[in-house]
Amino acid sequence: MDQFVLLRHRNTPNIHQLSVYGDYAALRKAVTSMQPAEVIDVVKASGLRGRGGAGFPAGVKWSFIPKDRFPHYVTVNGDESEPGTFKDRELMEFNPHQVIEGSAIAAYATGATRVYHYLRGEFKPIARVMQKAIDEAYAAGYLGKNVFGSNVEIQMVVHLGAGAYICGEESALLESLEGKMGQPRLRPPFPAIAGLYAQPTVVNNTETMANVPYIINNGADAYKKMGTEKSPGPKVFCLSGSVKRPGNYEAELGKITFRDLIFGEQFGQGMLEGRSVKAILPSGASGPIVTDAVLDVPLDYESVAAAGSILGSASMIIIDDSFDMVWAAGKVMHFFRHESCGKCTPCREGTFWLEKQYNRILAGKAKLSDIQLLGEVANQMVGKCLCPLGEFATSPVLSSLKHFQKEYDALASDAKKPVPTKK
Amino acid sequence: MNKLFDKYQTEVDQILDKYPSDRKRSAVLPLLYIAQQEYGYCTPDAISDVAEIAGVSSTEVESVVGFYTLFYDHPTGKHVVQICNDLPCALRGSDKFLDHACAKLKLDKHHVEHGGATTEDGSITLESVVCLAACDKAPMMQVDLEYHERLTNEQFDQIIDGLKK
Ligand SMILES: Cc1cc2nc3c(=O)[nH]c(=O)nc-3n(C[C@H](O)[C@H](O)[C@H](O)COP(=O)(O)O)c2cc1C
Ligand code: SF4
Ligand code: FES
């Protein structure tokens, strides 16, 4: 892609300054010439799907906001704590006005007077950049009591979390924003009906918001020309692990494959010297691990799902053949044990037990029967947890067992010949 | 007496302004950041100051402190250094980098990996943490929540020596 829609700072240096970014033409157009319902219709027609993982259509979500109960809130999810994900950070750090403008349009469309950008606590330096950009937008009259001189009010606040992956889950995020422990809520009701302070609330990912100005400026048809029919538009892919050039790369959904992303000249430029692709985690820690068999699968929601995993937030962790997969799955399990919020027993106890078993297996203290039990315990957790984290935690176990059972068995104390773990 | 309120009145007012006036509880996290800076960690006084301003009980603030990793209910070193050793960073040598850091600071890696450890002179707390959204720039760390990325062992030493001055 030569012309970026999202990572526009790569074409236009200093776009974090309002004077370079421009005059919020999309927000102006929406507020001064469109009804809120028209804005929702355009976003619906564009087919924009949420970029936070689940891929739910943004315009449809906005249309769920009831019109008889106020105030409404928009919360922007910049918690970005999924291992392997670092796209929202780049967007906020280098192209903050586009995120701000998109979220202001969402506020106008849904009748919200206040927007909260929830950033993970470790994003303190990024919050400074966002705050500066928001201050500029206020000074220019693009935010505040009379946006573009109309009587539309949009206030915007940056709120820092304090270190907890679970706060990326939308109902936990709302709890956290209310000053409580970030534990998921029982649903329904969904945030659109009872969200922040039990009021109607939109929750969208930061990158989702960054798509909105383009849609308003250029129309749904122009947007739909990018990507595929079911997965339209551009996407930022986070590439990490054993590639020559890790980083964020923007491409149209479904127009590149895993192979393109890893080996393409304008993308990862191939594997590190002498290494080959052994496994891929397409959605950070939170999706099934796949093998090099998927290399020619296009990167859109449907294709990756058909290949046995999920596109999620498109955080591709590439593991090469010098690493042991039991070690890798154990790392992921450590993450989930650490981040389980403790609210429900299957997840709290299950992740604790699973991590312990991984340590035992890696230390050569487990038997073949223990490895079998590993899969059984993970299977028992499926469907019994309050929020998706508990289920996410099982997928690295089950998928690595499926593809790499031999590596597990080789570590068992009663296996024919134990093989030491490589790191 | 509310030391936090007396000393940081402007900041506290600015924070409270960000939330609806009947939703002061939302200020708990931002207030805890100030309180922790003022008191060194989330002491009982810090917690009761925050509780009073936000209009909730100290017990509720305590549970918040316990829930989030960036709040400490015990003293830490003057600087907190967090090295990421999650999967993507570990695929790029963060484990060896962490080894070096432990050696340089004379800290036991097991402690660093299980809740963190503090140098004898009390200057630095080192923690091994999960993903910090900088996986393409490993090995990396945050020092008092500021990013330091694509680090060599030598750069680590320089940064640490700078902190100890
Ligand atoms: C455990 C867990 C962690 C999540 N972390 C994030 C996150 O860091 N950022 C994000 O945008 N969505 C995250 N989500 C998804 C949110 O719950 C929600 O679906 C999303 O913010 C909606 O925005 P979107 O429709 O624009 O994608 C997470 C979900 C779960 C279950
Ligand atoms: S599944 Fe895990 S993270 Fe989710 S609510 Fe239950 S304990 Fe918390
Ligand atoms: S894994 Fe280290 S920053 Fe993401």
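Is C131(B) buried or exposed, and what is its relative accessible area? In this predicted model, C131(B) is buried, with a relative accessible area of 3%.

**View 1. Position of C131(B) in chain B.** C131(B) sits in a loop of chain B that runs between strand β3 (124-129) and strand β4 (141-143). The residue counts as buried because its relative accessible area, 3%, falls under the 20% cut-off.

**View 2. Contacts of C131(B).** Apart from neighbours within four places in sequence, C131(B) touches residues of chain A and of chain B.

**View 3. C131(B) and I83(B).** These two residues of chain B, C131(B) and I83(B), are separated by 48 residues in sequence. Their C-alpha atoms lie 9.3 Å apart in space.

**View 4. The fold of chain A.** Chain A contains 16 helices and nine strands. Its C-alpha trace spans about 75 × 45 × 35 Å along the principal axes. The radius of gyration of chain A is 22 Å, which agrees with the value near 22 Å for a compact globule of 423 residues. Of contacts in chain A between residues at least 6 apart in sequence, 69% link residues at least 24 apart.

**View 5. Burial, surface and charge in chain A.** Of the 423 residues of chain A, 61% are buried. The chain exposes about 15600 Å², and 53% of this area comes from carbon and sulfur atoms. Chain A carries 46 positive and 44 negative side chains, with the centres of the two sets 3 Å apart.

Conventions. Residues numbered from 1 in each chain as written. Chains lettered and ligands numbered in written order. Predicted model: local features only at pLDDT ≥ 70, side-chain atom pairs only at ≥ 80, totals over all residues. Heavy atoms only, no water. Helix = DSSP H or I, 4+ residues; strand = E, 2+ residues; numbered from the N terminus. Rg over C-alpha atoms; globule rule 2.2 N^0.38 Å. Buried < 20%, exposed > 50% of the residue type's maximum accessible area, 1.4 Å probe, protein only. Contact = heavy atoms within 4.5 Å. Areas by Shrake-Rupley, 256 points an atom, 1.4 Å probe, with all protein chains shown as cover. Lys, Arg positive; Asp, Glu negative; His and termini not counted. Charge placed at Lys NZ, Arg CZ, Asp CG, Glu CD.
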